[in-house]
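Colleague: Before I rely on the labels attached to this protein, I would like to hear what stands behind each of them. Could we go through the terms one at a time?

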Amino acid sequence: FYPEWLESYKDKEKYKNALEKMNFRTLREAYKNTEIERFNYNFIDEKEEEKDKNTVLWVLAIIGAVAAVAGIAFAVYRFFAPDYLLIGVVMDILEKVIKKIKEKNLIEKNDRIVAGCSGGPDSIFLLEVLLKIKEEYNLEIFPVHINHLFRGEEAERDENFVRELGKKYNLSVFVKRKSMEQMAKEEKITLEEAGREIRYSFFDEVMEKVRGTKIALAHNLDDQIETFLFRLIRGTSLEGLEGINDTRDNKYIRPINEVYKKDIMDYLDKNNIPYVIDSTNLENDYTRNSIRLDLIPFIENKYNPKFKEKIGNLLKEIREVNEIVEPCYSKYISDNILKADELKKEKSDYIKGKIINFYLNSNGIETTRRKIEGVLKILFSGGSKKIKLDKDCTLVKYLLLTVKSRKKKQGK
């Protein structure tokens with residue numbers, strides 16, 4: 001029903017919508033406001049003043065009573081209902097990911113999926129998703145775990161935990177034990193870079209061994225936001241601000257990258273699914289950890305509690321813009337060669353940067369604004385030039401630009 005007294009109330013649209021949506025809190029506010037106005041009934045038309053005022057009060061009283069009963073009933077339900085009745089509250093997150101997988105065709109029938117599995121909440125949730133659709137898609141799942149020999153007994157615990165998961169679900173688990181500290185010293189790179197190099201090279205190794213078709217990674221929406229802020233602080237292109245895309249190189253997939261960490265934790269805890277915690281993620285010694293532990297909470301507490309939600313929306317818009325402004329890359333790049341003469345003809349600095357960003361990414365090189373500016377600089381200078389892009393790759397300019405790698409498998 002729709003009370004006629006709302007027609008003349010000063011905020012009638014607000015309360016009309018509240019009534020349609022059964023928003024009892026707002027309706028109680030309406031009831032309270034009638035009392036505050038000392039029952040002057042300024043909100044009733046002159047025609048309605050002739051009607052029985054007691055009828056209006058009875059309507060309000062009924063609404064208030066129903067709201068109170070409903071509120072109490074829901075509170076009792078939440079506190080005392082067994083967990084299996086509450087699963088539907090958190091099951092939506094799993095269905096959301098499966099729906100995304102189907103809509104974006106991230107996984108196909110008979111896929112052989114190499115899945116990164118640290119044993120932490122994100123990778124365990126990803127594994128839950130894959131197991132959920134395993135029969136429907138006839139999947140083969142191969143969990144991959146890397147022990148970086150960095151956290152002593154904790155690292156051993158994580159490795160054993162993942163091995164036991166393999167036994168539980170009858171999955172072949174692949175484990176690599178390699179020190180990222182030692183690699184960082186030998187290659188003169190950061191621990192983060194060393195860890196990434198070890199992980200991705202092992203993913204490729206296992207994929208080749210099992211004849212895999214996809215590599216599933218457990219990046220979540222919080223990771224995307226941290227990456228956005230990390231790159232924004234360091235300086236990057238508009239493409240760099242996209243965050244972490246659903247797919248890369250036609251083999252990497254990230255099914256859960258639109259799910260918040262909190263929702264993942266809630267799902268696992270509600271369903272009593274065990275996982276392990278990497279204690280180094282709770283230390284702010286690394287830039288990314290500091291962004292997660294210090295910067296984001298500070299902004300949420302000081303300026304906007306919905307900060308992560310706003311950044312998430314911005315990421316979607318940036319991706320849409322990047323898709324619209326997409327140059328014809330084949331015009332500028334051929335056989336892994338960036339044609340300097342063609343690039344010089346392009347008038348827009350933004351498009352030039354976009355082409356360079358695409359070129360470097362296609363060679364597996366993480367882009368920064370400094371690297372893009374360095375490429376542009378040698379592009380417009382005379383003679384042969386070269387610039388170091390990372391530990392393996394150097395960009396060399398002759399009459400054209402080409403990336404040369406020390407890795408034999410990569411070639412030029």
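**From sheet to cores**

Modeller: Let me begin with the open sheet, in which 6 strands follow the order β3-β2-β1-β4-β6-β5 with mixed pairing. Its edge strands are β3 (174–177) and β5 (247–248), each of which pairs on one side only. This is a predicted model, in which local features need pLDDT of at least 70 and side-chain atom pairs count only at pLDDT 80 or more, while totals for chains, interfaces and linings use all residues. Residues are numbered from 1 along each chain as its sequence is written, and side-chain values use heavy atoms, with hydrogens and water left out.

Colleague: What makes a stretch of chain a helix or a strand here?

Modeller: Both are DSSP runs numbered from the N terminus, a helix being H or I over at least four residues and a strand being E over at least two. The protein has 16 helices and 11 strands.

Colleague: How do you know that β1 and β2 pair?

Modeller: Two strands pair if DSSP finds at least two bridges between them, and 5 bridges join β1 to β2 (residues 140–147), the two running parallel. Within this pair, Gly-116 stands opposite Val-144 of β2. From β1 the chain passes through helix α6 (residues 121–137) to β2, in a β-α-β crossover that is right-handed; that word applies if, with the strands pointing away from the viewer, the path from the first strand over the helix to the second runs clockwise.

Colleague: Which strands does β4 pair with, and over how many bridges?

Modeller: β4 (residues 214–216) pairs with β1 in the parallel sense over 3 bridges, and Ala-216 is the bridge partner of Ala-115. β4 also pairs with β6 (residues 252–253), again in the parallel sense, over 2 bridges, with Ile-215 bridged to Tyr-252.

Colleague: Why is β1 called largely enclosed by the rest of the structure?

Modeller: A residue is buried under 20% relative accessible area, exposed over 50% and partly exposed in between, using a 1.4 Å probe and protein chains only. In β1 (residues 112–116), 4 of the 5 residues are buried, so the strand is largely enclosed. Of the 412 residues of the protein, 44% count as buried.

Colleague: Why are Asn-289 and Lys-352 called buried?

Modeller: Asn-289, in helix α12 (residues 287–302), has a relative accessible area of 7% and is therefore buried. Lys-352, in helix α15 (residues 349–362), has 8% and so is buried as well. Contact means heavy atoms within 4.5 Å, and, leaving aside residues up to four places away in sequence, Lys-352 touches Leu-343, Lys-344, Glu-346, Leu-376 and Phe-380. The side chain of Asn-289 reaches the backbone oxygen of Thr-280 at 2.7 Å.

Colleague: What makes a group of residues a nonpolar core?

Modeller: The name is given to a set of buried Ala, Val, Leu, Ile, Met, Phe, Trp, Tyr and Cys residues joined through side-chain atoms within 4.5 Å. The largest one has 34 residues, and Phe-125 is among those with the most contacts inside it. Elements giving two or more residues to this core include β1, α5 (83–103) and α7 (153–169), while α6 gives the most, with 8 residues. Beyond its neighbours within four places in sequence, Phe-125 is in contact with residues including Ile-93, Val-97 and Ile-256. A second, separate core of 22 residues includes Tyr-329, Leu-343, Ile-378 and Ile-387.

Conventions: A polar contact is a pair of N or O atoms within 3.5 Å; within protein, one must be able to donate a hydrogen and the other to accept it, and residues adjacent in sequence count only if both atoms are side-chain atoms.
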